[in-house]
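Have a look at the fold below before reading on.

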Amino acid sequence: MTQRTNLPSDLLPTTVREFFAAHVVRDADTASSFLTEDVVVVDQDETFRGREEVHAFLRDAGSEFEYTTEQIGARRVDDAHWVVTVRLEGTFPGAVAELDYRFALRDDLVAELVIANHSA
């Protein structure tokens with residue numbers, strides 16, 4: 001059963017909450033500690049596979065821009081799937097973006113993360 005209610009951050013699984021907190025402050029080492037060895041991350045149609053490749057993506061993504069990140073929504077899809085919606089504002093083209101971070105968990109780690117434009 002899908003729950004569509006917006007959840008406060010403290011009701012997200014610890015893995016999602018702590019990964020996201022590290023990601024927001026651009027701490028790729030800590031964020032990577034919440035990933036499976038065979039993690040797959042898709043960001044705007046670019047795919048990264050494995051913890052080492054994803055770590056490099058997390059370290060470098062958006063580093064050429066200044067921006068703020070605000071969580072504007074979160075929901076539980078099922079026990080293993082969660083979506084966090086964020087609003088970015090900054091010096092990148094377009095200046096504002098709303099993105100969905102779609103997490104798939106396995107054994108309390110992030111096994112898959114899809115980052116895509118927010119779908120209303």
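Predicted model: local features only at pLDDT ≥ 70, side-chain atom pairs only at ≥ 80, totals over all residues.

Residues are numbered from 1 along each chain as its sequence is written, and side-chain values use heavy atoms, leaving out hydrogens and water.

**Overall make-up**

The protein has three helices and six strands, counted as DSSP runs (helices are H or I with at least four residues, strands are E with at least two) and numbered from the N terminus. Read from the N terminus, the order is α-α-β-β-α-β-β-β-β. The C-alpha trace spans about 40 × 30 × 25 Å along its principal axes. Of the 120 residues, 40% are buried (under 20% relative accessible area with a 1.4 Å probe, protein chains only; exposed is over 50% and partly exposed in between).

**The sheet**

All the strands named here belong to one open, mixed sheet of six, in the order β2-β1-β6-β5-β4-β3. Strands count as paired if DSSP finds at least two bridges between them. At the edges stand β2 (46-49) and β3 (67-78), each with a single partner strand, so one side of each has no neighbour in the sheet. Neighbouring strands are turned by 15° against each other on average, direction ignored. At one end, β3 and β4 (residues 81-90) pair in the antiparallel sense over ten bridges, and T68 sits opposite E89 in β4.

**Helices on the sheet**

Helix α1 (residues 14-24) lies across β1 (35-43), β3, β4, β5 (96-106) and β6 (109-117), running at about 140° to β5. Helix α3 (residues 51-60) also packs on the sheet, touching β1, β2 and β6, with its direction at about 45° to that of β1. Contact here means heavy atoms within 4.5 Å, and the axes are lines fitted to C-alpha atoms (for helices over the stretch in contact), with angles from 0 to 180 degrees between N-to-C directions.

Which residues of α1 are buried? They are T15, V16, F19, F20, A22 and H23. These cover an arc of only 160° around the axis, which puts them on the same side of α1; the arc is that of the directions from the helix axis to the C-beta atoms. Just after α1, R26 takes a positive phi of about 60°.

**Aromatic pairs**

The whole structure holds four aromatic pairs. Rings of Phe, Tyr and Trp (its six-membered ring) pair if their centres lie within 6.5 Å; planes under 30 degrees apart are stacked, over 60 edge-to-face and the rest tilted. Two of the pairs look like this:

| Pair | Centre to centre | Angle between planes | Geometry |
|---|---|---|---|
| F20 and Y101 | 5.2 Å | 85° | edge-to-face |
| F65 and F92 | 6.3 Å | 80° | edge-to-face |

F20 in α1 and Y101 in β5 are 81 residues apart, so to speak from distant parts of the chain, and both are buried. For the other pair, F65 lies in the loop between α3 and β3 and F92 in the loop between β4 and β5, so the pair ties together parts 27 residues apart in sequence. F65 is partly exposed, at 24% relative accessible area, whereas F92 counts as buried at 14%.
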